[in-house]
Amino acid sequence: MTRRAPLEGIRVADFTWVWAGPHCTLQLAHLGAEVIRVESATRLCVTRLLPPYAKFEPGPNRSGYFNQYNQGKKSLTLDLKRPEALAVAKRLCAASDVVVENFAAGVMDRMGLGWDVLHGLRRDLVMIALSGYGATGPESTNVSYGPAQVPLSGMSSVTGYRGHPPMHVGVSYGDPTGGLHGAVAVLAALLHRARTGQGQYIDLSQWETSMAVLPEALMRFTMTGAAPERDGNRDPHMAPHGVWQAAGDEQRWVAIAVEDDAGFARLATLMGQPQLARDPRFVTLAARKRHEEALEELVAAWAAGEDADALVERLQGAGIAAFVSARNRDLAEDPHLRERGFPVTLEHPEVGAMMHLGVPWRMSASDSRVRRAAPCLGQDTDQVLRDVCGYGDDEIAAMRTAGTLA
């Protein structure tokens with residue numbers, strides 16, 4: 001039986017940039033949608049200008065950042081400041097099933113590409129706007145950045161060490177969480193359209209999607225009136241629970257989480273100190289939490305003399321959750337990930353074959369995969385204008401001469 005892609009035949013007009021929007025349309029491309037990025041050489045997507053660059057050579061087609069989040073897509077260049085380019089964009093939207101954008105609220109309306117206009121062109125259109133704060137509310141017009149969603153969502157308030165100020169978590173969570181929630185919303189809207197024939201507009205707030213992955217802290221406050229305390233690597237229900245440096249390379253660290261008294265007894269045996277399981281300071285979770293600093297010093301002294309990989313193998317063998325704190329090189333070369341086919345290597349027109357992260361799910365009956373490397377800027381302009389928008393070669397040449405396709 002031929003495996004078909006879940007979104008085969010679905011076309012997406014992609015007006016997104018930076019991370020959140022491209023991450024949304026990346027999922028749709030993985031599922032087989034024809035995703036057409038609308039870009040402009042007059043204002044490049046920020047991620048085309050960010051390192052890491054292939055072989056350290058800068059260039060708009062060489063960014064690993066851009067090429068990761070735009071796999072499987074096409075690139076159409078239009079200078080949307082020009083009225084004739086807006087006409088092309090409208091024709092593209094009318095030929096598409098989904099329109100995705102992640103500008104600040106109101107930008108698409110001011111460009112003449114708002115929901116009212118596009119819905120008038122195609123009644124069953126699905127359109128999603130992934131703005132920072134949603135289309136309504138007193139902060140809807142504020143400028144938003146993914147990193148700012150970390151403190152705004154409350155993540156920073158629970159990240160850090162006891163007695164120290166809030167900390168950033170090291171990644172712009174607002175972007176991927178917004179993108180993934182957006183992709184799910186688009187799929188639901190397409191299902192609704194298949195059932196009813198009706199399109200719809202989706203108003204997504206990246207602030208809200210960031211909060212949606214961190215409900216515990218907010219619920220702690222609403223249930224008790226108390227804010228959770230920052231507690232580093234510790235866990236209120238497990239001890240020991242932390243990350244300890246192993247022997248050798250200073251970058252080798254091991255995370256260990258002991259969930260109950262039996263697990264702690266097994267850990268104590270592995271440490272060569274089985275008596276610790278009978279020590280009144282550590283015999284119960286409550287006791288271990290009261291003497292956590294002393295317990296952590298014992299674990300740290302033991303881990304410092306152990307090879308990280310061998311230590312994890314022994315701990316896992318004893319039924320204790322333990323993991324090496326992986327470096328990026330570890331992940332790139334990991335045999336498990338490679339056997340499952342998560343890393344993909346596709347030929348890119350400019351940088352050649354480079355490994356990227358692929359699709360993190362497997363479907364037994366559907367074709368879900370990376371279909372092509374990320375596009376060079378404007379790589380598919382002529383094909384899209386001709387085959388999707390219906391322009392003739394002479395019209396395309398005239399638009400290029402006039403600067404419409406810049």
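In β6, glutamine 200 is the bridge partner of valine 126. The strand β5 (residues 126-131) runs parallel to β6 and is joined to it by 6 bridges, where strands are DSSP runs (E, at least two residues) and helices are likewise DSSP runs (H or I, at least four), numbered from the N terminus. The structure is a predicted model, in which local features need pLDDT of at least 70 and side-chain atom pairs count only at pLDDT 80 or more, while totals for chains, interfaces and linings use all residues. Residues are numbered from 1 along each chain as its sequence is written, and side-chain values use heavy atoms, with hydrogens and water left out.

An open sheet of 6 strands shows parallel pairing in the order β3-β2-β1-β4-β5-β6, two strands being paired if DSSP finds at least two bridges between them. Because β3 (73-77) and β6 (200-205) each have a single partner strand at the edges, one side of each is left without a neighbour in the sheet.

The largest nonpolar core has 30 residues, and those with the most contacts inside it are Phe15, Leu76, Leu78, Leu80, Leu92, Val99 and Leu385. Such a core is a set of buried Ala, Val, Leu, Ile, Met, Phe, Trp, Tyr and Cys residues joined through side-chain atoms within 4.5 Å, buried meaning under 20% relative accessible area with a 1.4 Å probe and protein chains only. At least two residues of this core are supplied by each of β2 (34-39), α3 (83-94), α4 (107-111), α5 (115-121), α16 (381-387) and α17 (393-402), and the largest share, 6 residues, comes from α3. A second, separate core of 23 residues includes Ala239, Leu267, Leu315 and Ile320.

Note on methods. Buried means under 20% relative accessible area, exposed over 50%, partly exposed in between (1.4 Å probe, protein chains only).
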